Number of protein chains: 2
Amino acid sequence: MSRIIALATSDVRFPTSLELDGSDAMNPDPDYSAAYLRILTDSDDGLEGHGFVFTIGRGNDVEVGAIEALSDHLVGRDVEETLADMGATWRDLVYDSQLRWLGPEKGVMHMAIGAAVNALWDLKAKRAGLPLWQLLARLSPQQIVDLVDFRYLSDAMTPAEALEILERAARGRAEREQELLAVGYPGYTTSPGWLGYDDEKLARLCREAIADGFDQIKLKVGADLDDDIRRMRIAREVCGPGFRIAVDANQRWDVDVAIEWMSALAPYDVAWIEEPTSPDDILAHAAIARGIAPIPVATGEHVANRVVFKQFLQARGLSILQIDATRVAGVNENVAILLLAAKFGVPVCPHAGGVGLCEAVQHLSMFDFVAVSGTMDGRMIEYVDHLHEHFVDPVDVHSGRYWPPLTPGASTQMLDESIAEFTYSAQERRSVAL
Amino acid sequence: MSRIIALATSDVRFPTSLELDGSDAMNPDPDYSAAYLRILTDSDDGLEGHGFVFTIGRGNDVEVGAIEALSDHLVGRDVEETLADMGATWRDLVYDSQLRWLGPEKGVMHMAIGAAVNALWDLKAKRAGLPLWQLLARLSPQQIVDLVDFRYLSDAMTPAEALEILERAARGRAEREQELLAVGYPGYTTSPGWLGYDDEKLARLCREAIADGFDQIKLKVGADLDDDIRRMRIAREVCGPGFRIAVDANQRWDVDVAIEWMSALAPYDVAWIEEPTSPDDILAHAAIARGIAPIPVATGEHVANRVVFKQFLQARGLSILQIDATRVAGVNENVAILLLAAKFGVPVCPHAGGVGLCEAVQHLSMFDFVAVSGTMDGRMIEYVDHLHEHFVDPVDVHSGRYWPPLTPGASTQMLDESIAEFTYSAQERRSVAL
């Protein structure tokens, strides 16, 4: 028997605001950061589980504090038992009534639970000797259903319906796994489109995106309409007709403004509008979707939990669902969201970029293809070429596609040197072992 | 000129779980706590602004950390300038893009901003020599509108519509202030209804509630249907026909279960069902409201922000709106919510209890009566007779009513001795002054 002996945390911050990488209409100067967690055990295998919450700078210490608050739940636990029933482990963390009060199921505390859940999955995959996507995709349909908490979901999807989706997809898993290994998973790039870049850099990066084999780029919009029209026109000229160009307002608008703004951009053929307004505003998204049809509305990177996603699907507030690896309570909750998307027939195109989000989320899309939705049609994973060099198993993105990771684990482990170099406060905080 | 020189925080926890006070279907063993904040200035007046976030125990330290993360924004600021334009101050805190990422506008970070905003209002009211309700109720309609951030609200309420509501209520303010001072504001009590109490204690506390002059009590439900039917029957027998008995499920149910459960309790004449399901689930509340009509649905104590409240009103997911003093970003956001409720014609019955919530929220209801909705019809403030002795200016509740506080400030200041006695970690943490 082995036990979890400590949660070791680090406040890792990269000074990205110096280059205006990642600048958008709501986030002018992000410092891409990770509230980073290592779960240590006393097992002879020496394996650790790594996870993190992506933040954009200030407050990363608050997130680290929230992760440390989970020590009481995890330190001292039997590793095998904890990993054997991840559904029960998830509920144990999310249902803690005192911690739940701090959300409930949203914000700093919920994301901290996500980091812990993801770190446990990293450990479980390393122990199984499989990359996470493959570990998940080889679970039985019932085992996958057992990962999901159906509380608050049953009016949209019952466990029996989830099981049916998974059993339908169970046929053909092996073929799809081979297909995935052979052709990879589609990606798209946001690198050309940050608001802080000038027109020449935009045009150059558009050309590079095409040369790199991507079929879609994304531009940040929402600060100034004339600028957006000019940038959209430049991108359309460089990319040519038919090439997919999505735009992303990062929550900048109210309903009326969103509809006006998108009407002005519509002539340039928009692949989707992302985050037109508050990520809490299901009804506003639905009103915008009706007002700008047939332009699809995409959202999700700031959607707090599965209950809000459920309503977005019920109200047709989105037609492209963007999961995020570190916003909700980890792999289990994202499995629930993938199942909801499959139930409603909506494609999932994950949010990525930041620190390690590409690394983390690729596993979920690949699992979705092999074992849930069974298709890559209309699906693609966001890609930003930033900060991958700090990871032990960085994404392999080439020819416009993500290539399946084969290293055991969840690809969420940062290099020790990077953690040391970019730790914000000098001392790594370490929770006391029981 | 004076400056803010420090945020002094305390992790205050009362061991209430020992008595099962506050036990409900989702929160079996709360330790009522406050992440407590004092804003210190270098002004000669020696006045401090006090605020807090109510939590139920574990994680209170995380909330304290989030409050401390606001030091950079507040320490060093000009006090007069900061208090003169509280709308701008609110936006400065809520719009910090890096901190906003941690919500956005929900959970630990948003509540921390609420504590800071409330502490600033406490300071502003003390400096003005007025209780907060009176300070707010004496602002001009335009000054009140200027406190509110209308981003994400304009599809439901424009600044012009808010101004119209306030101008309509401006007539008769003086008379209503006199009425309030003469007759108080209605309260109701939850003291009889905690799940952890036995039947005899329930019956005794029901009798006491009536003797104390309350017109409504509330019972916690949702753990076991047979128990709930028995407890509801006892309460109805003791209180007699016509007496208002509300029930509160504390988020325990899914849609179908909520409708079934309430159908079983309906014969006992239910005044409202509170928090039947997830506080994020606007559409489920609306479905439940349709399914159990005419029993009203009440919610709000865990509703994350004004955007979610707006949708609850738009979708008719609630017909009784329960603001909470420390869940959203403080007084300003609650003013926005009061205006939304007035726009939709929905009564506001605040959540209270916990630590200092009765003290804090009475000011908002009294302001609402004098300057916003202009009525007490169908309105009442929750009352729980716990922990008031720890406050400098505790609520005066008698004859079933809240009597207006007259001491300058927001009534959010705890006694120094209580803070010292119940501080959880020995050392009070103090942010470094600039």
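This dialogue covers a helix pair and a chain interface in a predicted model.

Mentor: Local features here need pLDDT of at least 70, side-chain atom pairs count only at pLDDT 80 or more, and totals for chains, interfaces and linings use all residues. Residues are numbered from 1 along each chain as its sequence is written, chains are lettered from A and ligands numbered from 1 in the order in which they are written, and side-chain values use heavy atoms, without hydrogens and water.

Trainee: Why are α16(B) and α17(B) called oblique to each other?

Mentor: Their packing angle is about 50°, with the axes 11 Å apart. Angles under 35 degrees count as roughly parallel, over 145 as roughly antiparallel, 65 to 115 as roughly perpendicular and the rest as oblique. The pair is therefore oblique.

Trainee: Which residues of α17(B) make the contact?

Mentor: Leu364(B), Phe367(B), Asp368(B) and Val372(B) do. Contact means heavy atoms within 4.5 Å.

Trainee: What makes up the contact of α16(B) with α17(B), by class?

Mentor: Eight nonpolar, one polar and one charged residues. Ala, Val, Leu, Ile, Met, Phe, Trp, Tyr, Cys and Pro count as nonpolar, Asp, Glu, Lys and Arg as charged, and the others, Gly among them, as polar.

Trainee: What makes Asp96(A) and Arg58(B) a salt bridge?

Mentor: Their closest N and O atoms are 3.0 Å apart. The definition asks for a side-chain nitrogen of Lys or Arg within 4 Å of a carboxyl oxygen of Asp or Glu, so the pair qualifies. Chains A and B share six salt bridges.

Trainee: How many residues does each chain give to the contact?

Mentor: Chain A gives 61 and chain B gives 61.

Methods:
Axes are lines fitted to C-alpha atoms, for helices over the stretch in contact, and angles run from 0 to 180 degrees between N-to-C directions. Helices (H or I, at least four residues) and strands (E, at least two) are DSSP runs, numbered from the N terminus.
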